[in-house]
Amino acid sequence: MKVSKEISSHQSIHGLRSNCLSFSEVLAQSFAVIAPTTIPASNIGLIVALSGNGTWLSFVIGLIGLLLVSLNINQFASRSASPGSLYSYITQGLGPTAGVICGWSLVLAYLFTGMSVLCGFANFSGMLIGHLGIHPSSITLLAIGAGISWYAAYKDIQLSAVAMLWLEGASLVLIAILCIIIWAHKGFAVDMSQITLSGVTPGSVATGLVLVMFGFSGFESATSLGDEAKKPLRTIPRAVMGSVILAGLFFVSTTYIEILGFQGTGISITDTEEPLGFLSRQAGVGFLGELVALGALFSFFACILGSINPAARVAFLMARHGLFHASLGNAHAANRTPHVAVTMCSLLTFFIPAMMSFFNIKLFECMGYLGAICSYGFLTVYILISVAAPVYLYKIRKLQPIDVVFAVLAVAFMMIPVLGSVGIPGSNLFPVPEAPYNTFPYLFLLYLFATCSWFFIKKQRSPLLVAGIRQRVDDIHARFAERNNY
């Protein structure tokens, strides 16, 4: 009874539908943004081009690093819940300025994830439809993907979650079956070139980690469902950690098998936009490759939807804190979704890829560019949450030495892709990435400078802004402070 009162009270403040999402549906949110199907089905070549035979190691390092990050996230997620995701957590731990940096980084990260995967949706659907002799324009396909995602996010969060759960689940099962068949076709061979990291340097593994972070990114997005999840203090932490473990094991195993599968074919995986389709034909099960391609298409869609949902909810709460236009903080009276924020995020998700397509940038290249940029937003947030966790625990007198160890290790692991993305001039181990990837970290820093400057100007004009943000976040946490069992 105590729990239901807490949830009901929480829902009445934000106007979103409360207590409606089960654990599986909350897990589906994180899995949808990770979109594990899209890596082996389409994007793996982008990562192999950077990490080579060390691609599996890049995923292992990413898995370990993000497990440590998830431990830090769950210090907050096990104690409170809100639509603000890590924005409210970091505000609680490090204060409103760090929270605003996190909020802007999250909005960029989720939106650019949605944009990258929207490009993948348009590229993949274009290839599939092209087999039927139909060749719609890229902008038409981008509009279809963004439009359907907008409607689902606008209409009903439970509809969104159920759709994401079934679409991603079916795709994962199909890919697992196909990979076993591909490995069996290779006689369950052991690939020593991968195991011994032939031709791999620390720099190539670190550079590949930037796109690996994109592959994992969004595992924390379940935290944006704090108002809508059933038993959020239990289901959200489990979803955060469970999504990392399941996705990591899936990535490592499929990557190993796909790189092995391409050996001796005369075709490079780095130049293949449908690697599983090619390998299925090599193994004599082309029909299964077609099913996987269809599943991957739905997975792209689920990821677009999964990215719009948390981006809209972070913007929704920030608007209620006075950081965005007040209209973004409105909830739909009937649907109980942040409909204005959903519409804005959907439009942005469509507009930037459409502009890139208009200037004749290939959709496959757009995927890599937008995916790399979004990774910097996630890396910033993961580093901030890992710093905020021990500070927060110290404030509430719950800090243990092991918590400091987890925080330090998490930051150290996150610095590896940061170093890989910037590089060391003149270094063979950590070379500066090739253009245009070498400019992306600085574009992201410019974005942070512009948004933080805007915040400081707004703070000068509204002296009570910071105190109001702090009070509202404290109020959210206070509602859960006296819980015993959840």
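## Helix packing and a loop residue

The axes of helix α5 (residues 86-94) and helix α15 (residues 363-395) come within 7 Å and cross at roughly 50°, the axes being lines fitted to C-alpha atoms, for helices over the stretch in contact, with angles from 0 to 180 degrees between N-to-C directions. The two helices are therefore oblique to each other, a class left over once angles under 35 degrees (roughly parallel), over 145 (roughly antiparallel) and 65 to 115 (roughly perpendicular) are set aside. The model is predicted: local features need pLDDT of at least 70 and side-chain atom pairs pLDDT 80 or more, while totals for chains, interfaces and linings use all residues. Residues are numbered from 1 along each chain as its sequence is written, and side-chain values use heavy atoms, with hydrogens and water left out.

Contact here means heavy atoms within 4.5 Å, and the residues that meet are tabulated below.

| Helix | Residues in the contact |
|---|---|
| α5 | L86, Y89, I90, Q92, G93, L94 |
| α15 | V381, L384, I385, V387, A388, V391, Y392, K395 |

Helices are DSSP runs (H or I, at least four residues), numbered from the N terminus. Helix α4 (residues 55-77) has 23 residues and reaches 31 Å from its first C-alpha to its last, close to the 33 Å expected at 1.5 Å a residue, where the expected span is 1.5 Å times one less than the number of residues. Because 17 of its 23 residues are buried, α4 is largely enclosed by the rest of the structure.

N438 lies in the loop between α16 (401-422) and α17 (440-461), and at 24% relative accessibility it counts as partly exposed, between buried (under 20% relative accessible area) and exposed (over 50%), with a 1.4 Å probe and protein chains only. Leaving aside neighbours within four places in sequence, N438 is in contact with V432 and P433.
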